[in-house]
Amino acid sequence: MRAYLLSRLGQTVLVVFLSLTAVFFLVRLGGDPVLLFLPMDIQAKDLDEFRERLGFNDPLAVQYGRFVSRAAHGDFGESLRYRRDALWLVLERLPATLSLAGSALLLTFCVAVPVGVLSAVRRGSLLDFLGMGAAVLGQAVPGFWLGLMMIYLFSVRLGWLPTGGMGGPLHFVMPCVVLASFYAARMARITRSSVLDTLNEEYVLTARAKGLGEPVVIGKHTLKNSAIPIVTLAGLDTGQLLGGAVITETIFAWPGLGRLTVQALLNRDFPVVLAAVFLFSVTYTLINFLVDLLYGWLDPRTRARVRA
Amino acid sequence: MSRFLTRHGRGVVGIAIASLVILAAVAAPWLVHQDPLQSDFAAGLKPPGSPGHPLGTDQLGRDLLARVLYGARVALFIGLCCVLLTAVVGGLLGLLAGYFEGWPGAVLMRLADVQLSFPFILLALTINAIVGLGLRNIIVSLSVAGWVVYARVVRGEVLSVKQRDFVHAAQALGLGRARLLFRHVLPNVTPSIVIVASLQFAQFIVAEAAISFLGFGVQPPTPAWGSMLSESRDYLYVAWWLAAFPGAALALTALGINLVGDWLRDVLDPRFRV
């Protein structure tokens, strides 16, 4: 177990290091950030001073070395726009994003798993047809359009929900639904097919033959055994959910990491972009790690491989 | 008949929707007479059903129907370019990495893992923000973000295909490597490439719209659905149609392509059945 944890840690560090390196060079190849960032009417003297202060005049290799050694100490520099520590700026926004992504994930599970299981158990019924029809639609309708239409209906027309921002529980409703729609649709379909596969297994037949009630057969014998594909997808999706949050946060003016990243990209505020990339890749690899641990719990056969 | 419908129903509906979208894109100049860029400020923000403007007009008085139809051209063009680029580049790299199991392939796959450990849309957005805006750059950004899926899938397939007897037989007959790869291995991984391509197609179109919606990607006045939706946000209180129709067109396109993709997957490869 220890060797496994160490190798996972090594992988995480490698992933984070490579993503930061790639983005660092992309950013530097993209042109002079000072020109893009500062106002047009700035004097040439100030321009040079600004460059010198940020170290943009040094050779690229020197800049990269400095960036790596500072980043290793958690220092991504100052935001060019807000003149504050970039990592702090990003960390401040993390709770808003995590609470949105977390509630969207919860909503995804609460809707998709029951729909998927019921569609599988009542295969070919009207419920199955409607559930899967909704899932196919949910996968096709882009979140940002759904968001706009919901704002029009629930905020502009009916006045039931706030158009955006963060506040009470009502503020969560629309961003959460919009973020969850695509992932819930896909998860419902995977759940259905996975449960259908498991229902054909002989141990399910045995459980039924023993005279166990349908809730126990489905809940205990089927669901736990069909959980692996569902958990895999949930793990993959949680990372994509962070990406989806970029768009959802922008539509609903949600003060999270995604919106900050979009603004930083628009403003060419590169220290903030790099700090955000860092945080995204750390969060994502951590989630994948948790998913792997969950596998061990769900399927004891994978534990042996982990130990070996 | 009913068995045909349960097996191919989705395919029929999907192909019907996709054909409709392709028709709209190809025949746009014959379906509407207005120029999607021609503004008429006096006729701005007319609601749907106004004379001469079945879907109404936007804030500059441009005909919305014309813009939505021409938008299909932009969306399909971008989607098609991205799918072709990623399928060729990703497929070729996957083919080579699977066939020659040396260190270059291993390094490539590690890089693919790193890239996959990052949300697709955020990656494409970051690349686009850095390489710059416009039609060409959005195609480049989406393709750079999207090739890994093909490389992964194709490499996995090649690893198993090259163990099969007919490949060993071809090797024993002394076939050249290039011939072996392209005549014997490639045809056996083509179904996977087709499946991935059909599923990626809609993803590229939606991602392009999302990126243009955020203010990157395709820029106004080009009639792209994403940037039209972006502009519509300012008028949501007064002109719902500006948001409704381009988005509906986008959703319909994604739906049609997804249905075709699902159906192809069922028909070509029962292992992936959902």
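Residues are numbered from 1 along each chain as its sequence is written, and chains are lettered from A and ligands numbered from 1 in the order in which they are written. Because the model is predicted, local features need pLDDT of at least 70 and side-chain atom pairs count only at pLDDT 80 or more, while totals for chains, interfaces and linings use all residues; side-chain values use heavy atoms, with hydrogens and water left out.

The predictor assigns the complex an ipTM of 0.86 and a pTM of 0.87. Confidence in each residue is given as pLDDT, on a scale from 0 to 100. In chain A the average pLDDT is 83, and 94% of the residues score at least 70. Among the elements of chain A, the lowest mean pLDDT, 58, belongs to helix 14 (residues 300-307), and the highest, 92, to helix 7 (residues 143-157). Helices (H or I, at least four residues) and strands (E, at least two) are DSSP runs numbered from the N terminus. Chain B has a mean pLDDT of 87, with 97% of its residues at 70 or more. Within chain B, helix 3 (residues 103-116) has the lowest confidence, a mean of 82, and helix 2 the highest, 93.

Chain B contains 9 helices and 0 strands. Its C-alpha atoms fill a box of roughly 75 × 55 × 30 Å along the principal axes. Of the 274 residues of chain B, 54% count as buried, where buried means under 20% relative accessible area, exposed over 50%, and partly exposed in between (1.4 Å probe, protein chains only). Contacts are defined by heavy atoms within 4.5 Å. Among contacts in chain B with a separation of 6 or more, 72% are between residues 24 or more positions apart.

The largest nonpolar core has 127 residues. A nonpolar core is a set of buried Ala, Val, Leu, Ile, Met, Phe, Trp, Tyr and Cys residues joined through side-chain atoms within 4.5 Å. F76(A), F144(A), L125(B) and L142(B) touch the most other members of this largest core. Its largest share, 16 residues, comes from helix 7 (residues 177-213) of chain B. Apart from this core lies another, of 10 residues, including V117(A), L196(A), A207(A) and V217(A). In soluble globular proteins, nonpolar side chains tend to be buried together.

Leaving aside neighbours within four places in sequence, F76(A) is in contact with L20(A), F67(A), A71(A), A86(A), L87(A), P271(A), L274(A), A275(A) and F278(A). L142(B) is placed in helix 5 (residues 135-161) of chain B and counts as buried because its relative accessibility is 0%. Not counting residues up to four places away in sequence, L142(B) touches I78(B), C82(B), F120(B), A124(B), F204(B), A207(B), E208(B) and I211(B).

Q59(B) lies in the loop between helix 1 (2-31) and helix 2 (64-99) of chain B. Q59(B) is also classed as buried, because its relative accessibility is 15%. Beyond its neighbours within four places in sequence, Q59(B) contacts F41(B), G44(B), L45(B), E231(B), Y235(B) and L242(B).

In chain A, helix 11 (residues 227-251) and helix 12 (residues 257-267) pack at an angle of about 85 degrees, with their axes 7 Å apart. Axes are lines fitted to C-alpha atoms, for helices over the stretch in contact, and angles run from 0 to 180 degrees between N-to-C directions. The two helices are therefore roughly perpendicular (under 35 degrees counts as roughly parallel, over 145 as roughly antiparallel, 65 to 115 as roughly perpendicular and the rest as oblique). V246(A), E249(A) and T250(A) of helix 11 meet L257(A), G258(A), R259(A) and V262(A) of helix 12. The residues of this contact divide into 3 nonpolar, 2 polar and 2 charged (Ala, Val, Leu, Ile, Met, Phe, Trp, Tyr, Cys and Pro count as nonpolar, Asp, Glu, Lys and Arg as charged, and the others, Gly among them, as polar).

Backbone geometry was considered last. Most residues other than glycine have a negative phi, and most peptide bonds are trans. A253(A), in the loop between helix 11 and helix 12 of chain A, has a positive phi near 50 degrees and is partly exposed, at 33% relative accessible area. R268(A), in the loop between helix 12 and helix 13 (270-298) of chain A, has a positive phi of about 55 degrees and is buried, at 15%. In chain B, the peptide bond from P220(B) to P221(B) is cis, with omega near 5 degrees; P221(B) is found in the loop between helix 7 and helix 8 (225-232).

Terms used. pLDDT = per-residue confidence, 0-100.
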